[in-house]
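User: I would like to learn how to read a few features of a protein structure, one at a time. Could you go through them with me?

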Amino acid sequence: WIHFTSGYSRANGRREMAVLNLITLDWLFTALLFVVTVVLMKIHASVRKKKDILGDMPGYPGYLPWLGHAHLATQFTYTGFIEEIKKTRKQNKGTLHIWVGPKLCAYVANPNDVEHVFNRKDAINKGFLFSFFHGHSVGIVTSTTPRWNHMRRLANIPMAHKQMIDSFQDIFQHHSKILLDNLAAVEGGDFLDINNYLSRCCQDITYGAHFGVNLDIQRKDEYNAQDTVTKVLNLVFERMMKVWLYPDFLYSLTQRGKDMKRCVEHHKFVARAILSERRRILKERKENMEENEFENKFPKLMDVYLSEQSGLSDDDIVHNIMDLMLVGFEAMSQTQGWILLLLAMFPQYQDQLQAELDEQLGGVDEDFTLAQLQKCQYLDMVTREALRLFGLPVVIRKLESDVTIEHYTLPAEAEIIIGMCMVHRDVRYWDHPDIFYPDHFLPEKVATRPKYAFLPFGGGPRKCPAYAYGMVVVKFIVATLLRKYTFTTEQDFANLPLDLFFMYKPTSGFLLNFQPR
């Protein structure tokens, strides 16, 4: 009897536990269902509100409830996405909206609308899509407010002041002469991708001008970041277009995530080498009691970072160096590559530019100054025309409040895609929008266009702080090369396959042959 009652009690206890477990699971399921329902209702209300604010703004074809246009992601590359948007520009008054699930993206391509968005102080941050760069670095380019405000204040004078840029002249000349020496070894040979040479030169110039070090990348491979920078940009823009790669944990498990990690480690290695070398130089100066009056008044960007007043840790400095690696030297080298390729495709403009350079800068063996370079108006026109055609295609801003533009209202929290590639080819402002035509930038033509019809460096408070420096570097290197060489190519402007990561680039590279003049 004792054995029987004991067994009965245990069985009864198990049944009670099972019932309790079922009740607990039922409660948890009900609570989870309630939470999910509340979240979905909030998402639905938010989407409904944004749609009401958008009104009749055209939407990209293929919208599905809840998914938006996310189901189309498998069909798109970054290049394809930009091309599809460009196809719609004639029908949509320069505006179009796209949904990635509940996230709203709208693109604008009217100069007045673009100016209105760029100049708002509540549209400074670059938005969710740009946050994928944070897996690489969080510095002056990729950070959000208020961190960005501090970074920008530190960089304003070192990157933008005219006297600061003028002081870099010796750096420009030194590294451009090394570039000429390297090109002399291959001149007159087969067609080659000149960007491999230009990128190394621009890395040396950037690290010398802003960080005060010479890593001699044109002669050594150890610190060269050209391939890894290109890889990072490709990976980030690909991730933007593939929603299943958005979760960081899943992305880290993919081959793409592992490739990103490898590139990040190399860039950290380069950034730490720059930081260490600049510290060594400053320590040596201090020990030798050497004073540089100009640098005391106009310190280099790295020296600003290293000052106690900056409040930056070594990790902060490394992140800023890595940020500038992403958007600095490769943008300049590719712009140089485009100018040389376009001039090779249109030799009449190359002849005209070389005549100007000969007149303003003197013989090929003479060093020229930045003051002389400033007088080369046609060089400036050619540079701007190359940027118009093949510069940065879009930038992104996130709105913190509703913004009314010409035809519509853009709701708060929307990610706004500024379509520079559409503005730069708008038939209302450009006589020959789809061909290379430097006369677009004759002063009398520039005067007839809206201010924001040409914006290769963005605009407003978050405009690239180094745009003036970048233009000088591009023109200095191009002038140096065109004084010595005439460039030819077999590539055809009308049939040129393009890739796109952050700027357009010929799929097969900038293939040029160059002969001494």
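User: Where is His175 found, and is His175 buried or exposed?

Analyst: His175 is found in helix 6 (residues 169–184), where helices (H or I, at least four residues) and strands (E, at least two) are DSSP runs, numbered from the N terminus. Buried means under 20% relative accessible area, exposed over 50%, and partly exposed in between, with a 1.4 Å probe and protein chains only; His175 counts as buried because its relative accessibility is 3%. Leaving out residues up to four places away in sequence, His175 touches Cys201, Asp204, Ile205, Asn214 and Gln218, a contact being heavy atoms within 4.5 Å.

User: What should I keep in mind about the model itself?

Analyst: This is a predicted model, in which local features need pLDDT of at least 70 and side-chain atom pairs count only at pLDDT 80 or more, while totals for chains, interfaces and linings use all residues. Residues are numbered from 1 along each chain as its sequence is written, and side-chain values use heavy atoms, with hydrogens and water left out.

User: How do I read the side chains of a strand, and which residues of strand 7 point one way and which the other way?

Analyst: In a regular strand the side chains alternate between the two faces of the sheet. In strand 7 (residues 415–419), Glu415, Ile417 and Gly419 point one way, whereas Ile416 and Ile418 point the other way, and all are buried.

User: Which way does strand 7 run beside strand 2, parallel or antiparallel?

Analyst: Two strands pair if DSSP finds at least two bridges between them. Strand 2 (residues 103–108) and strand 7 run parallel and are joined by four bridges, with Glu415 as the bridge partner of Cys105. Strand 4 (residues 394–398) and strand 7 run antiparallel, joined by five bridges, and here Lys398 stands opposite Glu415.

User: How are two packed helices described, and at what angle do helix 10 and helix 13 cross?

Analyst: Two packed helices are described by the angle between their axes and the distance between the axes. The axes of helix 10 (residues 255–287) and helix 13 (residues 314–327) come within 9 Å and cross at roughly 115 degrees; axes are lines fitted to C-alpha atoms, for helices over the stretch in contact, and angles run from 0 to 180 degrees between N-to-C directions. Among the residues making the contact are Val264 and Leu275 of helix 10 and Ile317 and Met325 of helix 13.
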